[in-house]
Amino acid sequence: MSQTEPPSQERPMKARMELAAKMKDEDKLYKRDGILYSTILSPPETLDKLKDLEARDDDVVLVAYPKCGFNWVVAVLRKIMNASTGKNEALPDRPPLVEFLPPDVQQKLSEMPPRRLLGTHLHPDNMPASFFSKKPKILVVFRNPKDTVVSYFHFMNKNPVLPSAEPWDKFFSDFMSGEVPWGSYFDHALAWEKRFDDPNVRIVTYEELKQNLPEEVKKISEFFGFPLTEEQVNSIAEQSTFRAMLETSNKSHGNLGSVFFRKGEVGDWKNLFSEAQSKQMDELFQSKMAGTKLGAQMKYDLYCQ
Ligand code: A3P
C-alpha cells in the first residue's frame with residue numbers, strides 16, 4: 001500500500017504571495033453563495049471544477065474549519081501513513097487543501113495512486129458530493145470557538161493572501177456573523193453535528209489532541225486502518241508537539257512557518273477577548289450548540305469560561 005498527495009500546484013506559493021502583495025485588501029476575498037473565499041487561492045473556476053472531484057473509498061480525508069489545527073493533523077497523518085506503509089514520502093510544499101488546487105491540477109488527482117491524503121476547510125454542503133457518496137473515512141477537527149477566532153485574527157493579519165483583520169473588535173463581530181473566509185464556524189459545527197454518528201466520520205477536538213496526543217494518534221490511525229506499534233504511536237506523538245513542529249516549520253511551511261505555528265495553546269482567547277465579547281460568544285454557543293453531541297465533545301465550559 002502506498003500513499004500519495006496532490007501534485008504541487010501550477011502557481012507556486014511564491015508567485016501567489018507576489019500577486020497578493022500587489023492586490024488591495026478589499027479585492028482579496030469574494031463571495032460565492034453567501035460565503036467568502038480567497039480570490040487568489042480559491043477563484044471561482046477552482047471551486048466550479050471541485051464539483052467533479054471523484055473521491056475514492058480509500059481516500060484519507062481531513063476536514064477542519066480554519067485555525068482548528070488542520071496543519072497539525074496533516075503532519076500527524078503524514079507520519080502515521082509513512083510509519084504504517086514504511087515509506088518516507090517527501091513533504092509537499094503546501095497542505096493538501098482541494099479548494100486550492102487549480103482545475104488542471106484537480107484533473108491530475110485521478111492519476112494518483114492510493115491512498116490519497118485530501119483536505120479541505122469547506123463546509124460539508126460545498127465539499128465535492130463524492131466525498132459522501134464514495135464514503136471515504138473523514139476526520140474532522142474542531143476547536144473551541146474562542147481560541148479559533150483569536151488564532152484566525154492573528155493569521156489574517158500575518159498572511160499576505162488574506163486581508164488584514166484589524167481592528168480586533170470588527171473581526172470578532174465578523175466571525176460571530178460568519179463574514180469570514182469559509183463562512184460561519186457555527187454553520188460548519190451544526191453541519192457536522194448532523195453527521196456525528198456517521199461511521200465514516202470521526203470528530204476530534206484540538207483540546208483532545210493537546211490533552212493526550214499519543215491516545216489520539218492511536219485512535220486516528222485505527223480509524224483510517226493504518227496499523228501502528230505502540231512505539232510508533234509514541235514516536236509520532238513526540239514529533240508532533242507544538243515545539244517539535246515549530247522547529248521544523250521552516251522546512252514544512254517556508255516563510256509562513258511562524259504564521260501557522262504561532263502559540264499552540266488552549267486559552268489564548270483570554271488575552272484578547274473583552275468581558276462583553278466573552279459573554280456574547282457564550283450566548284451564541286448556547287443558542288447554537290446547546291444539547292448537541294459536538295457541543296458536549298467540545299467541553300465549552302472547561303475551555304471557554
Ligand atoms: P494558534 O494561532 O492559537 O497558535 P490551522 O493549522 O488549522 O491553521 O491551525 C493553526 C493553529 O494550530 C495555530 O493556533 C497553531 O499554532 C496550532 N498548532 C499547529 N501545530 C500545533 C501543534 N503541534 N500543537 C498545538 N497547536 C498547534
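Two strands count as paired here if DSSP finds at least two bridges between them. Helices (H or I, at least four residues) and strands (E, at least two) are DSSP runs, numbered from the N terminus.

This is a predicted model, where local features need pLDDT of at least 70, side-chain atom pairs count only at pLDDT 80 or more, and totals for chains, interfaces and linings use all residues. Residue numbers start from 1 along each chain as its sequence is written.

Let's start with the sheet. Four strands make an open sheet with parallel pairing, in the order β4-β3-β5-β6. The edges go to β4 (117-120) and β6 (201-205); each has a single partner strand, so one side of each lacks a neighbour in the sheet. From one strand to the next, the twist averages 20 degrees. Angles run from 0 to 180 degrees between N-to-C directions, with axes as lines fitted to C-alpha atoms, for helices over the stretch in contact.

Within that sheet, β3 (residues 60-64) and β5 (residues 137-142) pair in the parallel sense over five bridges. Ala 64 sits opposite Val 141 in β5.

Contact means that the C-beta atoms of two residues, placed from the backbone, lie within 7 Å.

| Helix | Lies across | Angle |
|---|---|---|
| α3 (residues 70-85) | β3, β4 and β5 | about 165 degrees to β3 |
| α10 (residues 213-224) | β3, β5 and β6 | about 150 degrees to β5 |

Now for the hairpin. Strands β1 (residues 29-32) and β2 (residues 35-38) run antiparallel, joined by four bridges. Arg 32 stands opposite Ile 35 in β2. Two residues lie between the strands of this hairpin, and Asp 33 in the turn has a positive phi of about 45 degrees.
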